[in-house]
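Good morning, and thank you for joining. Please look at the sequence and the structure as I go through them.

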2 protein chains.
Amino acid sequence: MVQSIDPGQAFPARCDYHSGCRERLLSAAESLCRESGTSLTANRRAVLDILSESHHSLGAYDILERMDAGAGRRPGPAAVYRALEFLSGLGLVHRLGSRNSWFACSRPGEHRGRSQYWICANCGVVGETESEEIAQILPELALSMAFRLDRVSIEIEGECRGCQLQIKG
Amino acid sequence: MVQSIDPGQAFPARCDYHSGCRERLLSAAESLCRESGTSLTANRRAVLDILSESHHSLGAYDILERMDAGAGRRPGPAAVYRALEFLSGLGLVHRLGSRNSWFACSRPGEHRGRSQYWICANCGVVGETESEEIAQILPELALSMAFRLDRVSIEIEGECRGCQLQIKG
DNA sequence: CGGCAAGTGCTATAATATATCATTCCACGA
DNA sequence: TCGTGGAATGATATATTATAGCACTTGCCG
Ligand SMILES: [Zn+2]
Ligand SMILES: [Zn+2]
Ligand SMILES: [Zn+2]
Ligand SMILES: [Zn+2]
């Protein structure tokens, strides 16, 4: 198995309106729910829809604000957090601890907590890579420390190519 | 340069009352302040003292609660956050985004944002490694994406050796 | 129908973090 | 000695993020 995500393709373009990202996410959601005997309820679906509108990360309350589109009424924060917990449990969305925000997974079902999150501080877009090397090294390190590794979070902040070009020229 | 932190030594023992950790941290604090033309004020020193009492991470408000020991009065949250911002800027303490908490650096001055944080979900102790391989891979990945890498955060949650032994037998 | 489990609505509240502006402190030069 | 300026802090208020608790609804299965 080689590098499973081509790094050149890992970072979504600034105005990428999803050549299939949403559709992939939704179909992954449905199959993951089926497999796990759970269901993609309206509330969960709404949160997933909102996050999958772009590759930006959103705060839970940003998501909440967008929940009233259509229906006149808005749920409480707990509804959003419950959906986020459910969706992140399936790997459909991820949380950025460095920013207390959430984003839709770019490769649902293709990684199991082994990806790296690349956050552009300028445009807010988040990309994902899945480095084969890192996937090997961390368990080795853990073994040498006799540490049982449960969850890994790798967040890289910087500036994406698009923003660098735009700002400089 | 080989692995700069022996992984076997990276995770502090559960009841390690610091064979020199505090002293190292304090002397690093003083020299880093000198170098950067800043000063280790009483407020900053107090926060550093509290965090360096153990290898556990603490919430900002946990730190705040311990600030009155001795003097009868307690500062506001802002004082704690200001100290934390200052100290983390010098690499003397680190923030755990996955838990919104803070801990004292185990190797102040020895790494520049290149370490991995190992968090024991059972005892709360946090260890640090500095993997040479990861320090190489991430910039390479960034280059291949034309992403300007500014800050990296790697947090690994699991269970330390001590806790595994204790629980199992 | 009755009982159960999963999910949600609703309200309150906890936990984390920052904004703003007045005040203190101290080094430094007049 | 005095005034001045910058860094740090105090104090208060408020913003932001997240969870607890409990009643209610819904759909399923016997
Ligand atoms: Zn993902
Ligand atoms: Zn960007
Ligand atoms: Zn450190
Ligand atoms: Zn432990």
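By what turn and what shift along the axis can chain A be laid on chain B? The turn is 180°, the shift along the axis is 0.0 Å, and the RMSD is 0.0 Å; the copies are superposed by least squares on the C-alpha atoms of residues with pLDDT of at least 70 in both. The two copies are thus related as by a two-fold rotation axis. The same surface serves both copies, since 100% of the contact residues of chain A recur in chain B, contact meaning heavy atoms within 4.5 Å.

A word on the basis: this is a predicted model, in which local features need pLDDT of at least 70, side-chain atom pairs count only at pLDDT 80 or more, and totals for chains, interfaces and linings use all residues. Residues are numbered from 1 along each chain as its sequence is written, chains are lettered from A and ligands numbered from 1 in the order in which they are written, and side-chain values use heavy atoms, with hydrogens and water left out.

I turn now to DNA strand D. It is surrounded by 14 residues, each with a heavy atom within 4 Å of the strand; A:Tyr61, A:Tyr81, A:Arg95, B:Thr41 and B:Arg82 are the closest.

Consider next the polar contacts, that is, pairs of N or O atoms within 3.5 Å. A polar side-chain atom of A:Tyr61 lies 2.7 Å from a base nitrogen of DNA strand D.

Methods:
Polar contact = N/O pair within 3.5 Å; in protein donor to acceptor, adjacent residues only side chain to side chain.
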